[in-house]
Amino acid sequence: MTIYLDFEKPLAELEGKAEELRALARSGEGVDLNAEAEALDAKARTMRAQLYKDLSPWRKTQVARHPQRPHGADYVDALFTEFTPLAGDRNFAEDHAVIGGLARFDDRPVMVIGHEKGHDTKTRLERNFGMARPEGYRKAIRLMEMADRFGLPVITLVDTPGAYPGKGAEQRGQSEAIARATETCLGLGVPLVSVIVGEGGSGGAVAFATANRVAMLEHSIYSVISPEGCASILWKDAEKMREAAEALRLTAQDLKKLGVIDRIVSEPLGGAHRDAEATIAAVGEALRAMLGELEGTDRAGLRADRRDKFLEMGARGLAG
């Protein structure tokens, strides 16, 4: 069953009525209501196109957080073969908010690392809603260093509200772990490509996305802070999240103009959750293209490419 967002309520009513008509037709009461249902479907498609034609930053934030959106594990299951998960940071514990391991992408050995939010109450609690602790970042560092040692490209899938801000995480060196993960990304001598598939929150996202090439799904977000957090700091009122979302320039479209990301991956009409299979296939094509752009670049060239990219970031501005 599709979960509808606040701004999709009129759409929910239309699609609900169409489904009711189809249910009546299936009940065998001798009334053919398929034509009426199809008319409502057509009207719903038109309405969906209008709703998604020019989403505001806040509405994009809502779509990026949609609970039915494909998550890291969905992409790993669909795009990679022979996935062998690797666990633990060899220091403290396993962090289930971060998945990673050896795999094959188009029959090419790679290291894949990503956030995983979970799909229901049980798995969301287990995965800590995709908010990694220090051991998650230290696991990612371990896997990236392994990939570098064996010459394997690294693919990262980002979907996190941010790193976990709990007391235990801070005691175990959360900020240091994030900084070292970012540093490790910059120093890799192998291709590193990243896709923001949902939320890209703060340093928790940057630690995985300091890459040679960064892509974003059309309705994903990438920001130094959440709109609610920004509103609480600037206006002392979390309800001003709409204004904060506008100011943060967190959409894929703005970030492409700023040079923060390299490409935008289109989503099905209505968001990635409307057609997970098509979304995952589109992400696969983007990964294929980004890895192809880096083919044949030597270790020094890959490091220089990454360094130049981040030094130039934002230089173009939004006026250009």
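**Aromatic pairs, strands and helices in a predicted model**

The count of aromatic pairs comes to three, where rings of Phe, Tyr and Trp (its six-membered ring) pair if their centres lie within 6.5 Å, and planes under 30 degrees apart count as stacked, over 60 as edge-to-face and the rest as tilted. In one of these pairs the ring centres of Phe80 and Phe105 are 5.4 Å apart and the planes stand at 40°, so the pair is tilted. This pair links distant parts of the chain, with Phe80 in the loop between α4 (72-79) and β1 and Phe105 in strand β2, 25 residues apart. Both Phe80 and Phe105 are buried; buried means under 20% relative accessible area, exposed over 50%, and partly exposed in between (1.4 Å probe, protein chains only). Tyr137 and Phe208 form an edge-to-face aromatic pair, at 5.7 Å centre to centre and with 65° between the planes. This pair also links distant parts of the chain: Tyr137 belongs to helix α6 (residues 134-150) and Phe208 to helix α9 (residues 202-209), 71 residues apart. Tyr137 is buried, as is Phe208.

The structure is a predicted model, in which local features need pLDDT of at least 70 and side-chain atom pairs count only at pLDDT 80 or more, while totals for chains, interfaces and linings use all residues. Residues are numbered from 1 along each chain as its sequence is written, and side-chain values use heavy atoms, with hydrogens and water left out.

Rings also meet charged side chains. A charge sits over a ring if NZ of Lys or CZ of Arg is within 6 Å of the ring centre and within 35 degrees of the ring normal. Arg133 lies over the face of Tyr164, 4.7 Å from the ring centre. The charged end of Lys309 sits over the ring of Phe310, at 5.9 Å from its centre.

Helices (H or I, at least four residues) and strands (E, at least two) are DSSP runs, numbered from the N terminus. Strand β2 (residues 98-105) is mostly covered, with six of its eight residues buried. Two strands pair if DSSP finds at least two bridges between them. Strand β1 (residues 81-85) runs antiparallel to β2 and is joined to it by three bridges, with Thr81 opposite Arg104 in β2. Strand β3 (residues 108-115) is also antiparallel to β2, and eight bridges join the two; here Val98 stands opposite His115 in β3. The hairpin of β2 and β3 has two residues between the strands, and Asp106 takes a positive phi near 55° there.

Positive phi values occur elsewhere too. Glu82 has a positive phi of about 55° although it is not a glycine. Glu82 lies in strand β1 and counts as exposed, at 58% relative accessibility. Ser202, another residue other than glycine, has a positive phi near 55°. Ser202 lies in helix α9 and is partly exposed, at 31% relative accessibility.

Which residues of helix α13 are buried? They are Thr279, Ile280, Val283, Gly284, Ala286, Leu287, Met290, Leu291 and Leu294. These residues cover an arc of only 165° around the axis, which puts them on the same side of α13; the arc is that of the directions from the helix axis to the C-beta atoms. An α-helix has 3.6 residues a turn, so residues three or four places apart point the same way. Helix α13 (residues 276-294) has 19 residues and reaches 27 Å from its first C-alpha to its last, close to the 27 Å expected at 1.5 Å a residue; the expected span is 1.5 Å times one less than the number of residues. Just after α13, Gly296 takes a positive phi of about 85°.

Helix α14 (residues 299-311) has 13 residues that should span 18 Å at 1.5 Å a residue, and its end C-alpha atoms are 19 Å apart, which agrees. Its buried residues are Leu302, Arg306 and Lys309. Seen down the axis of α14, they fall within an arc of 65°, so they line one face of the helix. The face turned away from this buried side carries the exposed residues Ala300, Arg307 and Leu311.

Turning to the cysteines, the structure holds zero disulfides, a disulfide being a pair of cysteine sulfur atoms within 2.5 Å. Cys185 is buried, with a relative accessible area of 0%, and Cys230 is buried at 8%.
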